[in-house]
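Here is a short briefing to read alongside the model. Please keep the viewer open as you go through the points.

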Amino acid sequence: MRKAIELSKENIENGGGPFGAVIAKDGEIVATGVNRVTASCDPTAHAEVSAIRAATSQLNTFNLSGYEIYTSCEPCPMCLGAIYWARLDKMYYANNKTDAKNIGFDDSFIYDELDLKPSERKLPSEVLLRDEAIKAFERWTDKDDKVEY
Ligand SMILES: [Zn+2]
């Protein structure tokens, strides 16, 4: 965790937000990530997602079971989702989402949106061409050599 915190501090001077993350196994760091949203013009370049991308690339796997993530701040819904999708075994965090909100990184509206029906959310959304899109799902179901995850 101290490494994640150190990264979060250094990143302020390197043009990013104050967030750092580390992925480790048995106490050995295998990958790190920092927030590069504004520096990379990438709204998904949060520290946790960046660390997951670095780890999976280095380890050549999409499954990080057996590994743990240390993040300097409680993850946003996107990163929490990514942590679940990566199958990480455990998460540790230092600052919490209220600490983040207090310095201008408020993701509580996304957590609030998740509790609403799509029709009640701030993001307008509607269903289009499901009968055409479902054909890809049918093709996937029929595929014999797919890699499941
Ligand atoms: Zn995030």
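UniProt positions are given in the numbering used here, with feature names shortened, and annotations may be inferred rather than shown by experiment. With that in mind, UniProt places the feature "domain: CMP/dCMP-type deaminase" (unreviewed entry) at residues 1–106. This is a predicted model, in which local features need pLDDT of at least 70 and side-chain atom pairs count only at pLDDT 80 or more, while totals for chains, interfaces and linings use all residues. Residues are numbered from 1 along each chain as its sequence is written, and side-chain values use heavy atoms, leaving out hydrogens and water.

**Overall make-up**
- Over residues 1–106, the chain is 42% helix and 24% strand, with its end C-alpha atoms 22 Å apart.
- Helices (H or I, at least four residues) and strands (E, at least two) are DSSP runs, numbered from the N terminus.

**Helix H1**
- Ala4, Leu7, Ser8 and Asn11 of H1 are buried, where buried means under 20% relative accessible area, exposed over 50% and partly exposed in between (1.4 Å probe, protein chains only).
- These residues cover an arc of only 100° around the axis, which puts them on the same side of H1; the arc is that of the directions from the helix axis to the C-beta atoms.
- The face of H1 turned away from the buried side carries the exposed residues Arg2, Lys9 and Glu13.
- Strand E1 (20–25), strand E2 (28–34) and strand E3 (68–73) are among what covers the buried residues of H1.
- Just after H1, glycine 15 takes a positive phi of about 85°.

**Nonpolar cores**
- A nonpolar core is a set of buried Ala, Val, Leu, Ile, Met, Phe, Trp, Tyr and Cys residues joined through side-chain atoms within 4.5 Å.
- The largest one has 21 residues, and those with the most contacts inside it are Ile23, Ile52, Leu64, Tyr67, Ile69 and Leu88.
- E1, E2, helix H3 (47–59), E3 and helix H4 (77–85) each supply at least two residues of this core, and H3 gives the most, with 5 residues.
- A second, separate core of 6 residues includes Ala4, Leu7, Val22 and Val34.

**Zinc site**
- His46 (ND1), Cys76 (SG) and Cys79 (SG) coordinate the zinc ion at 2.0 to 2.3 Å.
- Donors are N, O and S atoms within 2.8 Å of the metal (3.2 Å for Na, K and Ca); water is not among the atoms, so sites may look incomplete.
- Along the chain, the donors of the zinc ion follow the spacing H-x29-C-x2-C.
- Histidine 46, in the loop between helix H2 (37–40) and H3, and cysteine 79, in helix H4, are 33 residues apart, a pair that links distant parts of the chain.
- Cysteine 79 is buried, with a relative accessible area of 0%.

Terms used
Contact means heavy atoms within 4.5 Å.
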